[in-house]
Amino acid sequence: MNIKKVYRELFRIRRVEEEIARIYPSDKIKSPVHLSIGQEAVSVAVCEALVPGDIVFGTYRSHALYLAKGGDLRAMFAEMYGKVTGCARGKGGSMHLVDIPAGFMGTSAVVGTTIANAVGYAYGLKLQSKPHIVASFFGDGAVDEGAFYESLNFAHLKQVPLIFICENNGYAIHTPQSARQRDVNLCDRVGAYGIPATRIESGDVFEIHRHVQEAADALRSGQPGPFFFECLTYRWKEHVGPNDDFDAGYRSREEAQAWMANDQVRLAGEKLSDPERMEVEQNVEAEIAAAIAFAENSSFPGASELTTDVYEESEQDGPDDFVWRGDTGGHGSGDGRGPIRDAIWSGC
Amino acid sequence: MGADPSVMLFGLDVDDHKAIIGTTRGLVEKYGRERVFGTPLSEDAMTGVAIGAALSGIRPIHVHIRMDFLMLAMNQLVNVAAKSRYMFGGQESLPMVVRAMIGKSWGQGAQHSQSLYSFFMHVPGLKVVAPTTPYDAKGCLISAIRDNDPVMYVEHRLLHYQKGPVPTEPFTVPAGKARITNAGDDVTLVGISYMQVECLRASKYLLETGISAEVIDPIWLNPLDIDTIAESVRKTGRLLVVDNDWLSCGAGAEIITQVLEQVPDRHIQVGRMGFAQCTCPPAPSLEELFYPNARTVAARAFDLVRDNAVTWIPEERADLQEVEFKGPF
């Protein structure tokens, strides 16, 4: 990995999130924000192992993933502001970011939902003999959902080119993993499905990358998928919103301190010389300032947007020319008049 | 599937010896196990898989041998399939078909008999079609497969045995067009799904009394061709919607409301028939009462036309007997 690029990605995500937190009290951002501060390294490490054409599916906490996968920063800020220039034309918000050209599929506000979508996409790639792979991101909360286990089973059954990434930040909203699962050994569970499962405890961007790169290389060389990684990480801010919540009672600041001492953004920056680091930071700050200005200066969607894109806007097919003969049903005479079940078969 | 290699079909038991009442017979042999396969019993995730596959360029057909099983898939259908085009600003397109069957008779009971299409009619972003003839079954299915939005394709188990003309070549029946299946002047009968057959039979019973019923098959429940129904009601002044579902918040309520909004005539008489407001019982004596049938539909239409002045219910006629579903399934 190019350390300068890694630092740029990590720093850029951190600063975008800090700017969102700064702007949030102004009420210009009309969207619940689930900030990625503290969790940047997982997205950056994984996306460094992906290539253009590869696909990621994320969650409502996916600002980091969107940016790491190459999502458009200006369109992201505009989406936060509810502007028509947003990545979803102001109709998605923070929880439903999307950038199809970048390979970042739309995210869901319902926990666990995109896991099966990622598996389906990977199956589609395999069916169409496309050379790309899919990464499916979800949190430790999603592993409580039945759809997670259904997805593991089907992904393994069909050996799809997919990497599962569980970002385990220890909490489903405010409920710790230990209050949701008696025996907290996720990799054992996943391994029981026959899927190679690895737990990465360090939070280290380079270690995560090394593991995921190996899996990505294996998939690209034709080895059967999927692979599973449990990446421990830590959410610094409250579940939703711009604030700290260490006074809320469900977790302690002491618990966070080890993770803050292990801040991957700062540690990556320390690997660069001062001039190199400053160059990266100045470029990122300028890009963010321009993106915020773009969002501020963009228009809200017009009234016609309200009912646009409910369905595809397309010309209807012409009317059929069938003349109803007033049949009352029954088994009929059978003179070449197939029953409906045969008609459905024929339609397939 | 022959015309478009991106079409894929899967679901519980689509590849077994019964082949979903024959509707999927031979497809594995013809198109291979990668495009046609039986699935694990995972309705939730498999619906998510269909969505993901659609995003990747596939046109999936997901088959459910009972509509009731779709309750396990509502998150993916309502929260994802219906909303993706809109909430992603038009960037995502989900060409997928969900085939769902409604059961009836031979003791199908509580969880093998539900229609539930009104759930899907309620949600913007889904299309819903419930064809009742072989012609429409084929034409609507091909329309649904070619559609770039998710389509709920509702099949009634008894209708699988209905016969009628159907071309062998591919053709489409466009979304949002109803069909007048029997012309008449005195009352408009809208029969949904299997109740279309009962309405056509009812129209024959009504002929005995000199009442001429216009029967309409909406075919597509969303988009709904309310214009064709409203035009008929302008002529007849009476509308009876016979639904294959419960009445409250159902398709009948929707159709009648839209007609009354469009035809501002306070003299129009309306009525609804459908399931009794209870869970479907398997006991034949109760199941008989649970569903409308041609005779009760005819009686209700007669009441509408004659202003409840006299009551009448036709004698059962052998030539208009119901098609019997011979179990076990």
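**View 1. Strands 6 and 7 of chain A pair in parallel.** Four bridges join strand 6 of chain A to strand 7 (residues 227-232) of chain A. The model shown here, and in the other views, is predicted. Which residue of strand 7 is the bridge partner of Arg199(A)? That partner is Glu230(A).

**View 2. Five strands of chain A form an open sheet.** The strand order is 1-2-3-7-6, with parallel pairing. Strand 1 (55-57) and strand 6 (197-200) of chain A stand at the edges. Each has a single partner strand, so one side of each is left without a neighbour in the sheet. Neighbouring strands of this sheet are turned by 20 degrees against each other on average, direction ignored.

**View 3. Chain B meets chain A.** The contact involves 82 residues of chain B and 70 residues of chain A. About 6,300 Å² is buried between the two chains, and carbon and sulfur atoms give 61% of this area. On the chain B side, Tyr86(B), Gln91(B) and Lys163(B) lose the most area to chain A. Together they account for 12% of what that side buries.

**View 4. Polar contacts cross the interface of chain B and chain A.** The count is 25 residue pairs, with both residues at pLDDT 80 or more.

**View 5. Helices and strands of chain B supply the side that touches chain A.** Among those giving at least two residues each are strand 1 (7-11), helix 2 (43-55), helix 6 (134-146) and strand 7 (179-182) of chain B. Helix 2 of chain B provides the largest share, ten residues. By residue class, this side of chain B divides into 39 nonpolar, 26 polar and 17 charged.

Notes
Residues are numbered from 1 along each chain as its sequence is written. Chains are lettered from A and ligands numbered from 1 in the order in which they are written. This is a predicted model: local features need pLDDT of at least 70, side-chain atom pairs count only at pLDDT 80 or more; totals for chains, interfaces and linings use all residues. Side-chain values use heavy atoms; hydrogens and water are left out. Contact means heavy atoms within 4.5 Å. Buried area is the accessible area (1.4 Å probe) that two parts lose on being put together, summed over both. A polar contact is a pair of N or O atoms within 3.5 Å; within protein, one must be able to donate a hydrogen and the other to accept it, and residues adjacent in sequence count only if both atoms are side-chain atoms. Ala, Val, Leu, Ile, Met, Phe, Trp, Tyr, Cys and Pro count as nonpolar, Asp, Glu, Lys and Arg as charged, and the others, Gly among them, as polar. Two strands pair if DSSP finds at least two bridges between them. Axes are lines fitted to C-alpha atoms, for helices over the stretch in contact, and angles run from 0 to 180 degrees between N-to-C directions.
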